[in-house]
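Q: How do I read the strands, domains and ligand site of a model like this one? Please take me through the features one at a time.

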Amino acid sequence: MSIPPLDFDPSTVSLPQGHFIGGKHYLTDEPQIAVYRPSDGRLLGYVADAGENTIDHAVSSAVRALKTSGWATRSPRERAKVLTRWADLIDRNAVSLAQLEAVGSTRPVAEAYASDVPFTAEAIRFFAELADKLGGDFAATRHDSVGFVASEPYGVIGAITPWNFPLSMCSWKCGPALAAGNAVVLKPSEMTPFSTMRLAELAIEAGMPPGIFNVVNGRGATAGAAITRHPDISKVSFTGSTRTGAAIMSDAALHGTKPVTLELGGKSPQLVFEQVPDLAHTARCIARGFTSNGGQVCVAGTRLIAHKRIVEPLLEAVQRHLAEIAPGPLWRSTTSYSPIINRDQAERIAFLVDESRASGAELIFGGGCFEGTDGGYFHRPTLLANVTESTPAVRQELFGPVLTVQAFEDEDEGIALAAHPTYGLCAGVHTRDIGQAMRAMRRIAAGTVWINRYGRSGDMIIPTGGFKQSGIGKDLGRQALEANMRYKSVLIDFDRM
Ligand code: NAD
């Protein structure tokens, strides 16, 4: 299949305005938040900062739409038709969506086109296909009664998403929530709001009843918190930092004891045993695992833990990959490396690298940002050796392209080093020994373990979610659809009828 021209002039991209409520743009005179282009730090545009009235209007629209549209009560296959049309429209608008994502987030246009947009469409399509495939629990009861478990949508789900993959994150939240028959009020990150708004426009074009999917813009502490606390929001589905996740959990507990799904931060290990099947492939996995999207990926593999006899050749091969990485404007289709989202975040990464060095870590590659990047903060891929479990870069999620390196002597030590006191999102295990791979898989406390690979595939049936402070519950997979439904137990004594 031929690839259409993707290069574009960033000043020509038009931005959706206001909020998207009740099936249309909703303009207010609320304070505006400036949004910047991560690629060069220039002003991109403004979004409204929703106050409580706007959140209330969005939630009321969703409640009204549920009452009047029949979205929740129609058959799942009918909802699936709308969702499938939505996914098809996303595919059909791949170029403009990829360009909107590239101008307003850290995603290079070619990657957004080749991966973010099709993954977004596929996630929605997956939940459309799954919509009528669950259910069927019939209980073993007395012979004159019938017991079963009926699933129902919650009502209005509040969704809050981060800035690092705006399109995909929206689909991971909306796909299962809408397939299950809920309405959604979603707040994207105030740093990357525009592509989510475009998805909402396409949902209406696909035939989604107005008010079933609403997008509100605004800051987390105000607009985000107002969603969590709203009395008509029945469940909150959040992706973002562990710190914000804790605040949301607390808010949800205090304002209605609401269930939450929390997809949070990580500090994932890449554990490489002596017997790797293919050193070149493993090196590629390590390099990509911590540099993809400039390291701003929740599942980034940022701790290399390698057997002492393999660590040197492995690092040489990893560094060969890193030496090829170069920054470039995100609107050029040849760019494949991402900038840091903004200056504050670039400074935080630099601070944590400095702190790590002050505590004894050795900088063996990279450090600092590339120069001559026209205002963007493209952090160099960075390797830190001589680290311990108390080094800041080992303990904390930097959300940047920084890999710490630790060597081990035997299997027990390697697996012990892979454990993290706070996080348990993912782990990579590289070995030719299946027994060793399975032992490591069992012993590492992480929501996902990749063996001889690193990173998600397009298999939406495989859920994602963390252990420990990396989160609660799952996105994607059957589990995500189930998590967007509540279950009612029914027992009928039919002899009394
Ligand atoms: P963040 O927690 O700062 O913000 C995420 C969202 O929460 C934003 O929309 C923000 O406005 C909102 N928010 C902030 N405070 C809030 C509050 N008190 N109440 C309600 N909403 C609030 O995260 P970020 O910087 O946007 O994203 C990066 C983080 O997301 C990283 O920690 C990364 O690991 C995590 N992440 C996790 C996954 C996953 O699947 N586990 C995926 C992507 C990103």
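A: Start with a rule: two strands count as paired if DSSP finds at least two bridges between them. Keep in mind that this is a predicted model. Now apply the rule. Strand β3 (residues 32-36) and strand β4 (residues 43-48) share five bridges and pair in the antiparallel sense.

Q: Which residue of β4 stands opposite Gln-32?
A: Ala-48 in β4 faces Gln-32. β3 and β4 form a hairpin with six residues between the strands. Gly-41 has a positive phi there, near 70 degrees.

Q: What holds the strands of a sheet together?
A: Strands of a sheet pair through backbone hydrogen bonds, either parallel or antiparallel.

Q: How many bridges join β6 to β22?
A: Nine bridges join strand β6 (residues 145-153) to β22, and the two run antiparallel.

Q: What is the strand order in the open sheet of seven strands?
A: Read β14-β15-β16-β13-β12-β18-β19; the pairing is mixed. β14 (362-365) and β19 (448-451) each have a single partner strand, so one side of each is left without a neighbour in the sheet. Neighbouring strands here are turned by 25 degrees against each other on average, direction ignored.

Q: In which sense do β12 and β13 pair, parallel or antiparallel?
A: Parallel. Strand β12 (residues 268-272) and strand β13 (residues 301-307) pair over five bridges. Ser-268 stands opposite Gly-301 in β13.

Q: Which strands does helix α9 lie across?
A: Helix α9 (residues 279-291) lies across β12, β13, β15 (382-385), β16 (402-408) and β18 (426-430). The angle between α9 and β12 is about 170 degrees. Helix α14 (residues 434-443) also packs on the sheet, touching β12, β18 and β19. The direction of α14 makes about 165 degrees with that of β19.

Q: How is the protein divided into domains?
A: Follow the chain numbering. Domain 1 covers 10-264 + 471-488, and domain 2 covers 269-459. Their C-alpha centres lie 30 Å apart. The contact takes 27 residues from domain 1 and 31 residues from domain 2.

Q: Which residues come nearest to the ligand?
A: Thr-161, Glu-190, Ser-241, Thr-244 and Glu-397 come nearest, out of 27 residues around the ligand. Next, look at polar atoms. A polar side-chain atom of Glu-397 lies 2.6 Å from an oxygen atom of the ligand. A polar backbone atom of Gly-220 is 3.3 Å from a ligand oxygen atom. For Gly-240, a polar backbone atom is likewise 3.3 Å from an oxygen atom of the ligand.

Q: How much of the ligand's accessible area does the protein cover?
A: The size of an interface is often given as the accessible area lost when the parts come together. Here the ligand has 860 Å² of accessible area on its own, and the protein covers 88% of that.

Conventions. Residues are numbered from 1 along each chain as its sequence is written. This is a predicted model: local features need pLDDT of at least 70, side-chain atom pairs count only at pLDDT 80 or more; totals for chains, interfaces and linings use all residues. Side-chain values use heavy atoms; hydrogens and water are left out. Helices (H or I, at least four residues) and strands (E, at least two) are DSSP runs, numbered from the N terminus. Axes are lines fitted to C-alpha atoms, for helices over the stretch in contact, and angles run from 0 to 180 degrees between N-to-C directions. Contact means heavy atoms within 4.5 Å. A residue is near a molecule or strand if one of its heavy atoms lies within 4 Å of it. A polar contact is a pair of N or O atoms within 3.5 Å; within protein, one must be able to donate a hydrogen and the other to accept it, and residues adjacent in sequence count only if both atoms are side-chain atoms. Accessible areas come from the Shrake-Rupley method with a 1.4 Å probe; for residues, only the protein chains shown count as cover. Domain bounds come from an automatic or database domain assignment.
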